[in-house]
Amino acid sequence: MEHAGRRLCMADPMNDIESKRMGFLVSLFQASSEDFNLTQSWKDSWERHCPALYKDLPCIDSQPPGFDTRRKVWVTLNTIRTNTGKCAYSLHQWSKSESAACDCGAAEQTIQHIVTECPRRRYTGSLDDFVYATENAIKYIEELDIDI
Ligand SMILES: [Zn+2]
């Protein structure tokens, strides 16, 4: 029992999580007031709670390009941006498919293969189009014949 009182004073990951949760709840409460600025609140929260490892990273205070697109487009944009998503290669790795091959004949259908190499689906523009969510990138995603 003697340790119970001390435990609260020590660096405790659960206390840290609880502290962040309280900060979030305070932000929600403040959101109801008229002069609340969500962007400023986010910046303040980032400065107060950002782990030391990420201190040099800038606070993201604007929505990334494509955030205002349909959810499917938004998800696919991020799949391509991160080169991680549902494709024959990943389904095979997760034991959800017998083969990692692409229907074009390539041995592995990765996201990179689909976007840059696949003769049936490759994107002919710049990969930066996906970063900036250009009209061409969004059109490509909307016309893609597979869900990735
Ligand atoms: Zn292919």
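Student: How many helices and strands are in the protein chain?
Tutor: This is a predicted model: local features need pLDDT of at least 70, side-chain atom pairs count only at pLDDT 80 or more, and totals for chains, interfaces and linings use all residues. Residues are numbered from 1 along each chain as its sequence is written. Helices (H or I, at least four residues) and strands (E, at least two) are DSSP runs, numbered from the N terminus. The count for the protein chain is eight helices and zero strands.

Student: What pattern does the protein chain follow along the sequence?
Tutor: The chain has zero strands. Read in sequence order, the pattern is α-α-α-α-α-α-α-α.

Student: Is Asn 83 buried or exposed?
Tutor: Asn 83 sits in the loop between helix H4 (71-82) and helix H5 (88-93). Its phi is positive, about 55°, although it is not a glycine. A residue is buried if 20 or more other C-beta atoms, placed from the backbone, lie within 10 Å of its own, exposed if 12 or fewer, and partly exposed in between. Asn 83 has 12 such atoms within 10 Å, so it is exposed.

Student: Is Ala 133 buried or exposed?
Tutor: Ala 133 lies in the loop between helix H7 (128-131) and helix H8 (135-143). It too is not a glycine, yet has a positive phi of about 50°. Ala 133 has 20 C-beta neighbours inside 10 Å, so it counts as buried.

Student: What percentage of the residues in the protein chain is buried?
Tutor: The protein chain has 148 residues. The buried share is 15%.
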